Every structure is written in structure tokens, then in C-alpha cells.
Amino acid sequence: MAEITLRDVRKSYAKNEVVHGVNLDVASGELIVILGPSGCGKSTLLRMVAGLESITSGDVAIAGRVVNRLEPRERGCAMVFQNYALYPHMSVAKNIGYSLKIAGLPKAERIERVNKVAATLGLTDFLERKPAQLSGGQRQRVAMGRAMIREPKVFLYDEPLSNLDATLRVAMRVEIRKLHQRLGATTLFVTHDQVEAMTLADRIVVMNKGGIEQIGTPSEVYGRPETTYVANFIGSPGLNLLKGAGHPDEGVIKLPDGQQLAYDRNQWPEIGHGPVIAGFRAEAVKFGSGPLSARFDFAEELGIAKLLHGSFGGQAMIVHVATRADLQSGQPFLFSVDPGDIQLFDADSGRRLEEVRAPAASAKQAMPLQITA
Amino acid sequence: MIERTPVLDFVTHALLIVSLVALLIPFWIIFVAASHDFHTVNQVPMPLMPGGHFFENMATAWERGNFDRVMLNSIIVAGGVTIGKIVIAALSAFSIVYFRYRLRMVMFWLIFITLMLPLEVRIVPTYAVAADALRPFKAIFELFGISVGLPEWNLLNSYSGLILPLIATATGTFLYRQFFLTVPDELTEAAKMDGSGPVRFFLEVLMPLSKTNMAALATIMFVWSWNQYLWPLLVVTDQQNFATATMQLQKIVPGPVFGEPPIWNVAMAANLIVLTPPVLVTIFLQRWFVRGLISTEK
Ligand SMILES: Nc1ncnc2c1ncn2[C@@H]1O[C@H](COP(=O)(O)OP(=O)(O)O)[C@@H](O)[C@H]1O
Ligand SMILES: [Mg+2]
């Protein structure tokens, strides 16, 4: 059963709509990451679930009950905020136990539960400290403890790791994942960091400008982006996207400078003549030889490999090379891309074109696809 | 800003020292005058070094000013006004900052405008209300032609009459509002998620966080209400029981009897007595006071 259901949820500030009709079903125990650039409405969406923001139209249901008009405390959600939002005048123990105090639990039970939570989070030695005397990572843990202690049905995180340094962020990411596995609470996790999203999520919701672009598992979102926006946003670097003209008879996309990218005609049988966007991963490029040629501009050193930034058919392209490639700026290089690695998108809408999936991948797919001879 | 500019350092320090001396001279003169006998203090010029009659003069002043009773009155009134102001200011600022209701901004501006209307401006109507606290309601009822036999509730010659008309405070409301605006929204939201209602949030989160603010406000308001002169003079006719310390000063400097010099030494001793409590309060609270005004607590 869906633990959280959003039905055509919208939010407007004054006349300005910032969330446009979001639909989402979150299964019980699932960890959903809401991913998108800053200002796309992620926090607003999360806060509508939490009850901190009114819902302009549509329904939010938690455990089958529409909660639109319920106060935050009646919704059974716990939330971890970006800036931790700890009570500065309370000790760690009091911060963690405050919700239990409000709920009127007897003191002995409160202390016992605070101690248990503190032990799980490694905070036992800090219980008497004030938040100002803690490091960023410790504050983060206290914020999580405060959410955990209520044993909520639903966990909400709003960019909880973005104030931590890189090492700590990775460590906390792992801890959040472990915590989720142990508690099994339904979780909505908001972030603008795609690595965070990829590593944490059962499913990712990619948002852009107040709407959902795609919902899918990390590998779906990475491997089969539904729109050019998702294609470009996910992966580092994102998908190379090149405008060209479709030539279905020959099975190629012709770039403005006449070079031809061959695609898999069995996979994309319904391409029309005319403008189309071809995409391929930087990692899919076979560097060194091949029918295609691009101009090298500059290289980005990754340590284990390099990213070559270049121009292909007059359009920007990034190539991932493991080899030692010493190129001068402006120098051309040769490469090839497997037809099977080419993905195609509509030039106007940016949506992924209709394709026939390989049997292995389409096994789970319920929707029948028509194949025309 | 850290700079090494010896000349500027010297000038700043010289300026500070000069101002400090200018500020302290009157207090020195009060003290010196309070320590001489009647004849020495009336010499021209008055000596600038203290004499040996300080405790004698203090005792006389204490006696004559009935300070046993009057100091207690002043402490009750100033304490009452201070507490009242803090409570009212915190509550009204809480309402203005944290609740969305119709006329919210109107309320805010109404309070704000009273900043410009000190007690002295509205003293006649305030006196009328103090003479019968229910009179405004009577007037309203009469306006609608209803006659209700409301009892007369007279606040003259009482502590409530001395305290209540003084506790409304635009300054305090404003100070609290500014502080509440700096409390991060996320904190409010965290409290909401923890299940806290508005009253609990006010008492258990906002009030502890505004401790330094409270100290600042308490200092200002205690000194201000201690120094009130006009209002106590108006509402207190029973001077035996309800006179405040500041009112007594006027009695110690005797009226201009022709050819008689005023008894400055006792008057100055009384002055010292009256100014001690506010000075003590300021010294005691000034650490928090400064922090409260610049409010940079992390
Ligand atoms: N209280 C508000 N009043 C008006 N506009 C707001 C308010 N809160 C957020 N917005 C707008 O809504 C949009 C989405 O904001 P938000 O959900 O915070 O984005 P995100 O969390 O994805 O960075 C932004 O364009 C922002 O300017
Ligand atoms: Mg946000």
C-alpha cells in the first residue's frame, strides 16, 4: 500500500505557481529522493507533506488518510532540516527528548529512549552539551536523533547534508542509508546533489521548475532518461546531447557538419525525417579511432581518467578517456560510438522518443510496444 | 577592524577620558556636597574635596525623606512596571510576528505610533481613566443608550494606579519584535514538528532565547520607571503611604523661604540614596544589557 500519496498537488504564492500538479506514490518503507536544482520547488513539496506549508490544491495522503488540513504534529512525520534547527538553549539530551516531553511521556521513559537513540548515533558522550559546543556532524546527528526518537511513520529530510564537508557528507550518507534499512520508515529525502540521490535512493524523483520530469530507480534515471533535462542533469558529466537530422532509411543522425552518427534501427524504429536530438554518455565514446572526428578544447583531470571537452559538429561534447591523451587545444581527434549507445530525444519537447526495448530490459515493462515492419 | 594607528588610538582614548570625566563630575559634586556640614556647603566657592559629615547627612536625609517606606514603594512600583512591560512587550511582539490575522499591521502601527506619545502627552485622559478604570466602558455604553450600573473602580492612591498606566511599551514591543524576527523560521518549524503549540513554543523556546533581551529591557525600564516623577505626583495624594523616592527629593529641598539658603548637603545625600538602586540594577544587568542590545549571541 502507498504510504504517501500526492494527487495533483499544487502550490502558489500569491498568483505565482511554484509547484505544478505533482503526482507521486511512495510505497511503505521506500526511500524516495527528490532531486532537482535550487529553486525548483523541492522544499515546498516536502513542506506540504510535513504540514508546514498549506496546499493550494490537490491532496496529500499519508497511510491512506488525506492530511491536507491536519497540523504537522497530527501527521506523524519527523523532519530533519538543512540548518539542523536545534534549540540553542537546550542540551543535546533535551533537544532529542523534547517531542517526548511535549507528548507527556514520564521522565524515566524519556531518559531511557534518549539514551537509546544517543547510543545508536554515537552521541552518548555529548548529551549534556549545548548545540553551540558541537561540530557540524554532531549537530547533524542530534537533528537526526530528534527525528528518530519519535519513531515516525515518515521521515522527511530537507538537504540535511549540504552544510557538511565532503568527507563527512559521504559518511553521513552511509549512516542515513543504514538507519533507513534498520528502521524501515518511509522516507522523502530532498537534495540537489545527484551523487547523494544515486547512492541513497530506492527511487529518484527528478524535479525541474516545479514539475516532475521523471520518477525511476537510480539506474533507470541514469540509463533511460525520459527527457533531455534529466539526461543532462544526471551523471557527471551529463549525457552528451547533439542536435541533428534523422535519416531513418540509412539509420543515421546527420550533424550540421555532415558527420553521421549511426543508431540502432531496431531499437528506434519510428524516427521521422527531420530534427532530432541524439545523446550518448561520455563513457560510451571509444576514443582514438573511428569514423567520427571532433576538435579538442581542454581536459579535466579526474586522476584515474580524464574528461576531454571538445566540439563535435559545432556542438559541445565531453569524452571520458582512461588513456593518457596528450592533445593540443584545437587539435582534432577520432572516435566512435556504438549504435546501441545512442539515445534519441524529440527536438521540440525534449522527450525520449518511443523505442523498442531489448528483451531483458523490457521484461518488467507492462506497456506493450508496437513494432512496425 | 584591527588597525595600528597610534595617533588615532591616542585621540580616541583622550576623547573617551574627557567624556568620562565630564560625565562623572556632577556625581563627584553630589558626593562632595553630601559630605559637608550646612555651613561649608554654602560657602562660595564650595570645596571640591569631601568633608567628614557624610554618614550624618545620609542619616538625616533618610529620616526626613521617610525613605524606609518610600524606597519600598519605589522598588515595588519600578519592579512592577518592569515586569509588566516585559510581559506585555513579549506577548504583543509574539502576536505581531508569529500570527497572521486581519489588522495585524494596523495593530503594529498603532503600537508604534504610541512611541511618539509619551505619558506626559496623554496625562489628562490617563488620569481620568485612573480615577475610574471602568469609565471608558461606561462612556461606550452611554453612547449606545444603555445604562449599566458599573461600579466605580478608583486606582488613585494604590500600587496598581502607579503601575498599570505605565506598563504599555512600544519600545519594548519593538525590541522584542526585532529579536523574534532574527529567530530562524526553521526553529519554529522544528518546534511545530515536535508537536509544540504556540504557547509552549513561546514559553519554552522564545522566552529562554530572549533572556539577554529581557535583561536589556529590564535595565532600561527599571531606570525609566524609577525616575518617573509626574505620574506618581498626580495619582498619589496619600503621600504618607504611597509616595515614591523621586517624589521625596522635592520635599527635602525646602521651599524658598526668604533669606534662608537651601540645605544642599542633606538634599544631595538624599539624591545619592535615590540614585543608588538604578545604578545597582544597571551594574548588575549591564553585561546582559549590552549583549541584548547588540544581540550577537551565537
Ligand atoms: N514563502 C515564499 N513566498 C514566495 N515564494 C516562495 C516562498 N517560498 C519559496 N518560494 C519560491 O518557490 C520556489 C521553490 O522554492 P523551494 O521549494 O524552496 O526550492 P528548492 O527547495 O527546490 O530550492 C522558488 O522559486 C522560491 O522563490
Ligand atoms: Mg530547498
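Predicted model: local features only at pLDDT ≥ 70, side-chain atom pairs only at ≥ 80, totals over all residues.

Trainee: OK, how is chain A divided up?
Mentor: Chain A has domain 1, covering 4-223, and domain 2, covering 230-365.

Trainee: And how far apart do the C-alpha centres of those two domains of chain A lie?
Mentor: The centres are 37 Å apart. The contact between them takes 12 residues from domain 1 of chain A and nine residues from domain 2 of chain A.

Trainee: Next up, A:Thr227. Where is its place in chain A?
Mentor: You'll find A:Thr227 in the loop between α7 (218-223) and α8 (228-233).

Trainee: Is A:Thr227 buried or exposed?
Mentor: A:Thr227 counts as buried because its relative accessible area is 5%, and the cut-off for buried is under 20%.

Trainee: Which residues does A:Thr227 touch, leaving out those up to four places away in sequence?
Mentor: Those are A:Glu213, A:Phe345, A:Gly350 and A:Arg351. With A:Glu213 there's also a polar contact, side chain to side chain, at 2.7 Å.

Trainee: Switching to chain B, which residues make the nonpolar surface patch?
Mentor: B:Ile17, B:Val21, B:Ile25, B:Trp28, B:Ile29, B:Leu48 and B:Met49 make that patch, which is about 680 Å².

Trainee: Let's pick B:Ile17. Which helix does it lie in?
Mentor: B:Ile17 is part of helix α1 of chain B, residues 6-33.

Trainee: And is B:Ile17 buried or exposed?
Mentor: B:Ile17 is exposed, since its relative accessible area is 53% and exposed means over 50%.

Methods. Residues numbered from 1 in each chain as written. Chains lettered and ligands numbered in written order. Heavy atoms only, no water. Helix = DSSP H or I, 4+ residues; strand = E, 2+ residues; numbered from the N terminus. Buried < 20%, exposed > 50% of the residue type's maximum accessible area, 1.4 Å probe, protein only. Polar contact = N/O pair within 3.5 Å; in protein donor to acceptor, adjacent residues only side chain to side chain. Contact = heavy atoms within 4.5 Å. Patch = residues over 30% accessible without salt bridge, like charges linked within 9 Å, V, L, I, M, F, W, Y side chains within 5 Å. Areas by Shrake-Rupley, 256 points an atom, 1.4 Å probe, with all protein chains shown as cover. Salt bridge = Lys/Arg side-chain N within 4 Å of Asp/Glu carboxyl O. Domains from an automatic or database assignment.
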